[in-house]
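Visitor: I'd like to learn how to read a fold from its strands, helices and inner spaces. Could you walk me through one?

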Amino acid sequence: MNDTGGSTDDYNGEKILGRFQTLGGGRNLATIANSIAWLLFCLLLSAAPGYSQSLTGRWAAAGGMLDNGEQQKSILELKQTGSELTGTLKTLGYSVSVKGTATGNHFELFVAEWNQEKPTIVGDLVDGELHAVEGGRRNLVAKPAATTDDIPAVPYIEPPPLHIVPYNVLAKTPPMGWNSWNLFADRIDDQTVRTMADALVSSGMRDAGYSYLNIDDTWEGVRDAQGNLQSNHKFPDMKTLADYVHSKGLKLGIYSGPGPRTCAGYPASYGHEEQDARTFAAWGIDYLKYDWCSAERIYSNDQLQPVYQKMGAALEATGRPIVYSLCEYGLGSVERWGPAVGGNLWRTTGDISDEWSSMIGNVEKQVPTAPYAGPGHWNDPDMLEIGNGHMTDSEYRTHMSLWALVAAPLLAGNDIRIMSVMTQSILLNKEVIAIDQDPLGKQASPVKSGDLETWIKPLADGGVAVGVVNLGPAGTKATVDSSDLQIAGPVKKARDLWAHKNVKFTNGAYSANVPSHGVLLLRVSAK
Ligand code: GLA
């Protein structure tokens, strides 16, 4: 109603419903005539070009069926001012602020804190309902919410007092493997995991170090009468699957979170931490990614440490070596207390997507955390997108180089069963992997000069890896000056890790052309 000059708030979802209820009430003729006139007026307005009703209000969507037979639910609370929309989106798994625009009856919403290029919800107001598509593929029909419509609340559980969880002696170098989320999201199942295990072996990835095969969200079923978390129909027998993965010389990872629900809305470990840790250990799980999401409704950021400590201690108590991966997007300066809760790695940023700006944004955002990386505990700028198709080969080489330079976990996120030769040559570049896996465990930091960004990583042998990334739109000449490298003496050996050839420093410098979004990656030593 914003174009009519009338009150915008009068026409929110609840009020529209109220108006039709009055119509059906059948009081006197004058009321009916008034109502019909009003309806005609509304119909006339809605036919006028540029007309739109306000989206202001609380909207409830039942959402699709989850793979465990439960139903997803969303509450969208919107405020429209002119064509601008602000509000919140709550699902079973998470709550986020949204912002966007309305043009006529069409609207697009972005998650404010996710820095997205594409809107997360796109839809239209149709007959007083929001008909939308969420995340590019899930249909969402939202109706005006009743006051009782909400995400179910859970009782508060006080987190434990702080203590140090001892180091589990795992992840002395950044974990390597494969994770299901980036490409498969909720389409992951037992059979796909088995074929990925086979492909990790046949592609040579396992032997190159990619040993963890990690199942992300949407494997969860419901809890049984004793509170034991079961897997859903996509994973008929987790123990047998773990045995299969282990028989291939690989390790199996799984996913849960400290809140009542995972991000995708499935049961998580809130109030069942010890029980779930025992279940995971009994299945033969070797790696747990533990995702904050719905815990945010219960706990403040000041409580992140004791909440994560609870699962760290529960994993320790199982006696099974399980890599502990904290996923809370860098909240609450996790790099300062991650090791104290038994964490082996922690996310430092929001979710990566398969685009240049997201990849560069994530790695640059974690620069302040560099001093905190080291053997056993790593900063995690999120999983790899190499081979997923929306960056150029040059950009994917830069992605791999940067992850190696910052000693990030190397968790491939593509379909490794059908990799192109180019993708294989990137993920399987053993010289680049060796930079990532260097036992000194130092994280490089960048120095910027115009479009060029130079990252230097000290290595255990006294040499360095140096990467020069071209952030600009055109190819340019990059020069590496040996006096910037802080190595003990003149350059004795330098190797280009993508060209796979030794190169020569002349008068203390080496220059090469670097394409737009490309990288020059050298390993340099004074020995
Ligand atoms: C969050 C995490 C992702 C993935 C999804 C699963 O968004 O950051 O890496 O685990 O949850 O729902």
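Guide: Start with a pair: strand E1 (residues 57-61) and strand E8 (residues 138-144) run antiparallel and share three bridges. Across that pair, alanine 60 sits opposite lysine 143 in E8. Before going on, note that this is a predicted model, where local features need pLDDT of at least 70, side-chain atom pairs count only at pLDDT 80 or more, and totals for chains, interfaces and linings use all residues. Numbering runs from 1 along each chain as its sequence is written, and side-chain values use heavy atoms, with hydrogens and water left out.

Visitor: What do "strand" and "pair" stand for here?

Guide: Strands (E, at least two residues) and helices (H or I, at least four residues) are DSSP runs numbered from the N terminus. Two strands pair if DSSP finds at least two bridges between them. In general, strands of a sheet pair through backbone hydrogen bonds, either parallel or antiparallel.

Visitor: How many bridges join strand E7 to E8?

Guide: Five, with strand E7 (residues 129-134) running antiparallel to E8. Alanine 132 has leucine 140 in E8 as its bridge partner. The two strands make a hairpin with three residues between them, and glycine 135 in the turn has a positive phi of about 60°.

Visitor: What about parallel pairing; in what order do the strands of the open sheet come?

Guide: The open sheet has eight strands in the order E17-E16-E15-E14-E13-E10-E9-E18, with parallel pairing. Strand E17 (378-380) and strand E18 (410-412) are at the edges with a single partner strand each, so one side of each has no neighbour in the sheet. From one strand to the next, the twist averages 25°; such angles run from 0 to 180 degrees between N-to-C directions, with axes fitted to C-alpha atoms, for helices over the stretch in contact.

Visitor: Which strand is joined to strand E10 by three bridges?

Guide: That is strand E13 (residues 251-256), which runs parallel to strand E10 (residues 212-214). Tyrosine 212 stands opposite lysine 251 in E13. Helix H6 (residues 238-247) packs on the sheet, touching E10 and E13, and its direction makes about 140° with that of E13. Helix H4 (residues 190-202) lies across strand E9 (176-179), E10 and E13, at about 155° to E10.

Visitor: Is glycine 338 buried or exposed?

Guide: Buried, with a relative accessible area of 0%. The cut-offs are under 20% for buried, over 50% for exposed and partly exposed in between, using a 1.4 Å probe and protein chains only. Glycine 338 is in the loop between helix H9 (334-337) and E16. Beyond its neighbours within four places in sequence, glycine 338 is in contact (heavy atoms within 4.5 Å) with Leu326, Gly343 and Trp346.

Visitor: And how many cavities are there of 30 Å³ or more?

Guide: Three. A cavity is a set of points on a 1 Å grid over the protein atoms alone where a 1.4 Å probe fits but cannot get out; lining residues have an atom within 4 Å of a point. A volume is the space filled by probe spheres set on the points, which are joined across faces, edges and corners. The largest cavity holds about 60 Å³. Of its 13 lining residues, Tyr287, Lys289, Ser325, Asp380 and Leu411 are the closest to its centre. E15 gives the most to this lining, with three residues.

Terms used: On a 1 Å grid over the protein atoms alone, a cavity is a set of points where a 1.4 Å probe fits but cannot get out, and a pocket is an open set with protein on both sides within 12 Å along at least five of seven lines; lining residues have an atom within 4 Å of a point.
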